[in-house]
Amino acid sequence: MTALDWVLVVAIVVLTALVAAGLYVGSRALRHMQKSRSADEQTREQANAKAASVRAEAAAAKAEATAARAEARRVLESAHEEADTILEHAHRQAESDAEQVRTAARRSGEREVALLNATVKEQSAEVERRAGRIDERERQHAEEIERLVERERRLAAIDTDLTARESTVSRREGELTEAEQQHRRELERIAGLTGEQARTELIESIESQAKREAAILVRDVESEAKHTADTRARHIVVDAIQRIASEQTSESVVSVLHLPSDEMKGRIIGREGRNIRAFESVTGVNLIIDDTPEAVLLSCFDPVRREVGRLTLEKLVLDGRIHPHRIEEVFESAKNEVDRLCERAAEEALVDVGITDLHPELATLLGRLRYRTSYGQNVLKHLVETAHIAGIMAAELGLDVATMKRCAFLHDIGKALTHEVEGSHALIGADLARKYGESDDVVHAIEAHHNEVQPQTVEAVLTQAADACSGGRPGARRESLEAYVKRLERIEEIAGGKPGVEKVFAMQAGREIRVMVRPDDVDDIGAAVLARDVAKQIEEELTYPGQIRVTVVRESRVTELAR
């Protein structure tokens, strides 16, 4: 085939494709136009249907509106009818309520009127009664005024009479004074004595009569004393008990330990003071090392702890090995040894007193009192001594000796805990005795021995007496030098302030006072009176153990020379 043929073939193919494309496009356009037409027809049909439905709804709405207007007219008519009914019922109810209110108001008014009438009647009666009382009071006032007027008239008459009598008495007093002076001058002329001399003779006569009466009174007192010999004997026994002497240990808050040499002080102190710090921290005792040769001081307020510290240091010095670990070992050993000593001391005291059924805890506390002192007096020995005194007094008075000894022996048990428990040792001791099963009599005697609780039993009173006897006897307790000097000075001042005293000497550590009087100023009876007055004033003003003897010395000396 030639090129022209190929061109023609291609042209034919192209034209065929173009025709086919045109046919396809035309068919598509035709189908689209048909679809558009059918859609328009459906739209018109739908619009027509909607218009018909709208017209139908409008007709229905008109019918409903007509029905609604008819229903509204009917409802309005029924509402009018119901409102008329309600108004009629409300009128009837209002009339009924008004009638009830009027009835209630009428009844209330009647009651109030009756109450007011009764009140008015009562007030009228009260007014009448008050008026009657006022009239009665006015009548009494009038009578009182009349009596006062009558009394004034009588007083005026009496005043006039008294004035007249006063003038008469004054005149008579003048006459009596003149007569007395004349009588005195006549007596002086007859007796040959002046008034002063007569007064002196009268005083001497009265004084001699008083002396005779005093002698008679003394004789009567001595006669009465013979009838009370038994009571007097008991007092003498008690006074003798006060003179019991027993061993006493005088301690203080400081213990002294003697060393073999002063070199030991350096070993006790240790390198940079470690030994002394370890000792004080372990034992709780202050160690005082000063310039005192071959001695150190141990200071502690707790006597048991101080004794443990003393034994610890004593063993360390004897052993020679002093270091912190060794101090702790020796401290435990010394503590156990002191506990054994306390137990032994308690057992010995119980055996001495004769008590066998004491609670072990109380026995342990009693052992701690071995190292406790009160004013220099060992407390445990004070308890033993007090128990013996109380037992003797109970036997003399016919009381239970065992109970009395128990009361006296336990009265200071609280002092074992005064460093650990706050409060008075009497109350602490009573709590301990009550806790460990002691009887009520023993507990009361303990708590009342310092009058912190009022004594109610004989045992409590005798416990106080025995305690005073043991603590107040001469030499039992230590007193400070200042108090001792002040007491002696006051004794001499009391005696020296009496009239007629020339010299005063306090002797035997204040147990006796000798008063030298001038014989011209003080006679024998005056000396006895002076001794009694001084003793009484000392008893009232001073506090002292035992008793003080007052001796008044009146000495007359006559000296003549032979030439």
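Colleague: Which residue in the turn of the hairpin formed by E2 and E3 has a positive phi?

Modeller: In this predicted model, three bridges connect strand E2 (residues 286-288) with the antiparallel strand E3 (residues 295-299), and Ile288 has Leu297 as its bridge partner in E3. Strands (E, at least two residues) and helices (H or I, at least four) are DSSP runs numbered from the N terminus, and two strands count as paired if DSSP finds at least two bridges between them. Six residues separate the strands of this hairpin, and the one in the turn with a positive phi, of about 55°, is Glu294.

Colleague: At what pLDDT do side-chain atom pairs count?

Modeller: Residues are numbered from 1 along each chain as its sequence is written, and side-chain values use heavy atoms, with hydrogens and water left out. Local features need pLDDT of at least 70 and totals for chains, interfaces and linings use all residues, whereas side-chain atom pairs count only at pLDDT 80 or more.

Colleague: What value is the phi of Glu272 near?

Modeller: Glu272 belongs to the loop between helix H4 (263-269) and helix H5 (274-283). Glu272 counts as exposed because its relative accessibility is 71%, where exposed means over 50% relative accessible area, buried under 20% and partly exposed in between (1.4 Å probe, protein chains only). Glu272 is not a glycine, yet its phi is positive, near 55°.

Colleague: What is the phi of Asn451, which is not a glycine?

Modeller: Asn451 is placed in the loop that runs between helix H12 (440-447) and helix H13 (458-472). Although Asn451 is not a glycine, its phi is positive, at about 60°.

Colleague: In which sense do E7 and E8 pair, parallel or antiparallel?

Modeller: Strand E7 (residues 512-517) is joined on one hand to strand E6 (residues 501-507) by six bridges, and those two run antiparallel, with Val501 standing opposite Val517 in E7. Towards strand E8 (residues 549-554), Val515 has Val552 as its bridge partner. Over six bridges, the sense in which E7 and E8 pair is parallel.

Colleague: Is Val504 buried or exposed?

Modeller: Val504 is found in strand E6, and its C-alpha is 9.3 Å from that of Val552, a residue 48 positions away in sequence. Because its relative accessibility is 17%, Val504 counts as buried.

Colleague: How many salt bridges does a search of the whole structure find?

Modeller: A salt bridge is taken as a side-chain nitrogen of Lys or Arg within 4 Å of a carboxyl oxygen of Asp or Glu. With the whole structure searched, the number found is 27.

Colleague: How far apart are the closest N and O atoms of Glu136 and Arg139?

Modeller: Glu136 and Arg139 are about one helical turn apart, because they are three residues apart in helix H1. Glu136 is partly exposed at 33%, and Arg139 is also partly exposed, at 39% relative accessibility. Their side chains form a salt bridge whose closest N and O atoms are separated by 2.0 Å.

Colleague: Which residue meets Arg139 in a salt bridge of 2.6 Å, N to O?

Modeller: The residue concerned lies four residues from Arg139 in helix H1, about one turn of the helix away, and is partly exposed with a relative accessible area of 31%. The salt bridge of 2.6 Å, N to O, is made by the side chains of Arg139 and Glu143.

Colleague: What is the N to O distance in the salt bridge of Arg518 and Asp521?

Modeller: Arg518 is partly exposed, with a relative accessible area of 34%. Its side chain meets that of Asp521 in a salt bridge with an N to O distance of 2.7 Å.

Colleague: What area does the nonpolar surface patch of Val10, Val14, Leu15 and Leu18 have?

Modeller: Val14 lies in helix H1 (residues 3-191) and counts as partly exposed because its relative accessibility is 43%. Patches take residues with over 30% relative accessible area and no salt bridge, joining like charges within 9 Å and nonpolar side chains (Val, Leu, Ile, Met, Phe, Trp, Tyr) within 5 Å, and areas come from the Shrake-Rupley method with a 1.4 Å probe, only the protein chains shown counting as cover for residues. Val10, Val14, Leu15 and Leu18 together make a patch of about 370 Å².
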